[in-house]
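Trainee: I would like to go through this model with you, one question at a time.
Mentor: Go ahead; we start with the terms.

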Amino acid sequence: MMNSIDLILLNFNEVRRRSIKVWTSIPQEKLNWKPDDEAMTCIEMIRHVLESEHYYHLAIQNRGSLAVFDSPFENRPFSTVDAELKFAEPFRNQFLETITSFSEEDLSTITIDRSDSGYIRSLGDMLLRVAYHESVHNGQLLDYLRTAGVPRVRVWD
């Protein structure tokens, strides 16, 4: 029988599996495409998702927003989706290990204070928000691909 931690991990893994399907389907020549001057490019959005997950991991460990975030992703040149994923893999693994260290009780008793961003939530809520953040950006990338005339991979398998 799966417990809440198992379900949260399943959700993270499913969201990432589907993101990778979309990310790796983007032709190399479209990675720097964006719908307008204000938007992120495809590769910038992928980096944003990976970097944000690392930030959220640290914020969860800190039980709130970070006063300073020295991002290991900053000032790295963009290259390929595979290079981005390879760089982010150790951070991802650490995050998933942290999730497995929590108990069922922790999901409701640990509070994450992000009042600077407008919310204070339980750990369980925060973990679901992190996965949702990635899902939203994956939907944006699918829209980017449609707008750019690129065939979209099937994410509902």
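Mentor: Helices (H or I, at least four residues) and strands (E, at least two) are DSSP runs, numbered from the N terminus. This is a predicted model, in which local features need pLDDT of at least 70, side-chain atom pairs count only at pLDDT 80 or more, and totals for chains, interfaces and linings use all residues. Residues are numbered from 1 along each chain as its sequence is written, and side-chain values use heavy atoms, with hydrogens and water left out.

Trainee: How many residues apart are Glu14 and Arg18 in helix α1?
Mentor: Glu14 and Arg18 are joined by a salt bridge, at 3.1 Å from N to O. A salt bridge here is a side-chain nitrogen of Lys or Arg within 4 Å of a carboxyl oxygen of Asp or Glu. The two are separated by about one helical turn, because along helix α1 they are apart by four residues.

Trainee: Is Arg18 buried or exposed?
Mentor: Buried means under 20% relative accessible area, exposed over 50%, and partly exposed in between (1.4 Å probe, protein chains only). Arg18 has 18% relative accessibility, so Arg18 counts as buried.

Trainee: Which residues are linked with Glu14 in a network of salt bridges?
Mentor: Arg17 also forms a salt bridge with Glu14, with 2.8 Å between the closest N and O atoms. Arg17 is partly exposed at a relative accessible area of 32%, and Glu14 is partly exposed at 27%. The network links Glu14 with Arg17, Arg18, Lys21 and Asp157.

Trainee: What is the N to O value for the salt bridge of Arg129 and Asp125?
Mentor: Both residues lie in helix α5 (residues 123-147), four residues apart. Arg129 is partly exposed at 30% relative accessibility, and Asp125 is partly exposed at 28%. Their side chains meet with N to O at 2.5 Å.

Trainee: How are α1 and α3 oriented to each other?
Mentor: The axes of helix α1 (residues 4-25) and helix α3 (residues 81-101) come within 12 Å and cross at roughly 175°. Axes are lines fitted to C-alpha atoms, for helices over the stretch in contact (heavy atoms within 4.5 Å), and angles run from 0 to 180 degrees between N-to-C directions. Angles under 35 degrees count as roughly parallel, over 145 as roughly antiparallel, 65 to 115 as roughly perpendicular and the rest as oblique. The two helices are therefore roughly antiparallel.

Trainee: Which residue in β2 stands opposite Arg114?
Mentor: Strands pair if DSSP finds at least two bridges between them. Strand β1 (residues 111-114) is joined to strand β2 (residues 119-122) by four bridges, and they run antiparallel. The residue opposite Arg114 is Tyr119.
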